Amino acid sequence: PSASQTLAEASPFHIGFAISPARIQNIALYRQTVIQEANSITADVAMKPSRISPQKGVYKFEEADQLIAFAQSQKKRIHGHTLVWYIDTSPTWLKQIRDSTELESTLQSYIQTVATHFKGKVASWDVVNEAFDKQGAIRTDSLEGPGRPTFNVGKILGKDYVARMFQYAHNADPDARLFYNDYAQETRPAKLEAILAMVADFKRRGVPIHGLGLQMHISIDTPDAGIENAIRRYAETGLLVHISELDIAMNPDKKKDFVPTPELLEKQYEKYKFVVSTYKKVVPASQQFGITMWGVDDGTSWIPGFCKCADNVLLFDANYVKKRSYQGFLEGL
Ligand code: XIL
């Protein structure tokens, strides 16, 4: 790739950014960066269940529709994220349902309503996000800890619920490409194997699935072999492969007073280059759904809020200046 090209111009596959409609509206450089560098968009929260259905029976599509209007006006692809998720961005009313028949029909009608609303605009969906735990079992518990609302969808509906959610999504929009999305497949082999076994089972039974998402919230210390193995095993399924939420931490110990040194920024450059070049090399072109960055700039990344620490995980600094990591991404293409 030439140094004068943007990522989207230089890339043989789609380059995505996870974004929020409010920032697109309010931060000119954020908007500009997305317009120039990306040709695919994921909503960071605007299309999650808690935003779309904050109360039972109530659907609010304004925020997501705003994002779609932006994407359409800029001719960007939109990837839907996410229809079903066990964690905090599921609304409280939904998490309170304990009866399996009620929960099943509620999720079915949620998927039907949402996938129908976005039909023709959102051509792909993360149908279920993070269904497996690190031992490779279907989650029957929530990570959210004592005193917080839990959403034990796996416990209430049984482990085959994932297949049924894919079927509901397919029934609502038969043209949509349906993805299973999860994290840490590069460091947790049992989880990776469980996802691959699920794919094999879906294929045997004719359950519709078209793609796999590797979130890849990784760090400069994540072993290359694990990254390459996860990408390779996913590619071997023949499904589309999406690196769906990429960011690379430099402060895995979560120090509060972290300041990136030139050495760490160089390691981050190397790791970005490795991820991108491995994806390009290992995934056949016809299966390259693309690489999506989970955010635009270090100033608005979700990581500091999540780790309660300082970090600089993305390709642009808080002033939207390209970092060495940007260079690494570009060189990997
Ligand atoms: C994150 C968003 O970026 C945050 O703004 C929000 O508070 C929590 O969710 N895995 C996922 C994403 O699949 O949806 C998460 O996004 C990050 C981890």
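Modeller: Begin with the ligand: a polar side-chain atom of Gln215 lies 3.2 Å from one of its nitrogen atoms, a polar contact being a pair of N or O atoms within 3.5 Å (within protein, one must be able to donate a hydrogen and the other to accept it, and residues adjacent in sequence count only if both atoms are side-chain atoms). The model is predicted, with pLDDT of at least 70 needed for local features and 80 or more for side-chain atom pairs, while totals for chains, interfaces and linings use all residues. Numbering starts from 1 along each chain as its sequence is written, and side-chain values use heavy atoms, without hydrogens and water.

Biologist: How do the residues of the shell around the ligand divide?

Modeller: The shell has four nonpolar, four polar and three charged residues. Ala, Val, Leu, Ile, Met, Phe, Trp, Tyr, Cys and Pro count as nonpolar, Asp, Glu, Lys and Arg as charged, and the others, Gly among them, as polar.

Biologist: What is a disulfide, and how many does the structure hold?

Modeller: A disulfide is a pair of cysteine sulfur atoms within 2.5 Å. The structure holds one, formed by Cys307 and Cys309 with their sulfur atoms 1.9 Å apart. The link is left-handed, with -90° about the S-S bond.

Biologist: Where is Lys308 found, and what is its phi?

Modeller: Most residues other than glycine have a negative phi, and most peptide bonds are trans. Lys308 has a positive phi, near 50°. This residue is in the loop between helix H13 (303-307) and helix H14 (324-332); helices (H or I, at least four residues) and strands (E, at least two) are DSSP runs, numbered from the N terminus.

Biologist: Which residues does a cis peptide bond join?

Modeller: His81 and Thr82 are joined by a cis peptide bond, with omega about -5°. Thr82 belongs to strand E3 (residues 77-85). His81 is also one of the residues that surround the ligand, where near means a heavy atom within 4 Å.
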